[in-house]
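Hi everyone, thanks for coming. Let me put today's chain up on the screen, and then we can walk through its side chains together.

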Amino acid sequence: MPTHEWLRDFASLDLFPSKHIFSGRTPQSRPLILHIGSGDSTIPYELIKRGYINQICLDFPPLLYPVPAVVGVIWELGDVQKMLAFPDRSIDIGLSKSTLDVIIRGSP
């Protein structure tokens with residue numbers, strides 16, 4: 001299955017999430033991680049390898065190919081500007097690697 005990273009791969013970002021985003025939230029605490037504008041990023045798979053098994057990947061365009069089913073990751077079709085399905089304070093960690101670029105420049 002083809003995947004790509006628009007900006008940097010997880011290996012080049014590896015220390016940043018653990019130091020600045022997870023803020024002591026360990027895999028054992030099962031934080032709910034929302035990947036906003038996830039596309040076909042490999043980051044959810046990298047986090048699964050580290051034990052984070054409570055993830056939702058949200059993006060608005062349907063992927064052109066099937067995403068492999070992985071225990072601990074749910075893939076949802078949705079608009080990040082209308083996230084009504086998520087109650088307030090239900091997400092522990094929100095990750096958005098390049099959604100800001102898409103919102104500023106527009107979708108292809």
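Predicted model: local features only at pLDDT ≥ 70, side-chain atom pairs only at ≥ 80, totals over all residues.

Residues are numbered from 1 along each chain as its sequence is written, and side-chain values use heavy atoms, leaving out hydrogens and water.

Rings of Phe, Tyr and Trp (its six-membered ring) pair if their centres lie within 6.5 Å; planes under 30 degrees apart count as stacked, over 60 as edge-to-face and the rest as tilted. That gives us one aromatic pair. Y45 and W75 are tilted, with 6.2 Å between centres and 35° between planes. Y45 sits in helix α3 (residues 43-49) and W75 in strand β3 (residues 73-77), 30 residues apart; helices (H or I, at least four residues) and strands (E, at least two) are DSSP runs, numbered from the N terminus.

Now Q55, in strand β2 (residues 55-59). Is Q55 buried or exposed? Buried, at a relative accessible area of 2%; the cut-offs are under 20% for buried, over 50% for exposed and partly exposed in between, with a 1.4 Å probe and protein chains only. 

Finally, a nonpolar core is a set of buried Ala, Val, Leu, Ile, Met, Phe, Trp, Tyr and Cys residues joined through side-chain atoms within 4.5 Å. The largest one has seven residues, including F22, I33 and I93, and α3 and β4 (93-95) each supply at least two of its residues. A second, separate core of six residues includes L34 and I56.
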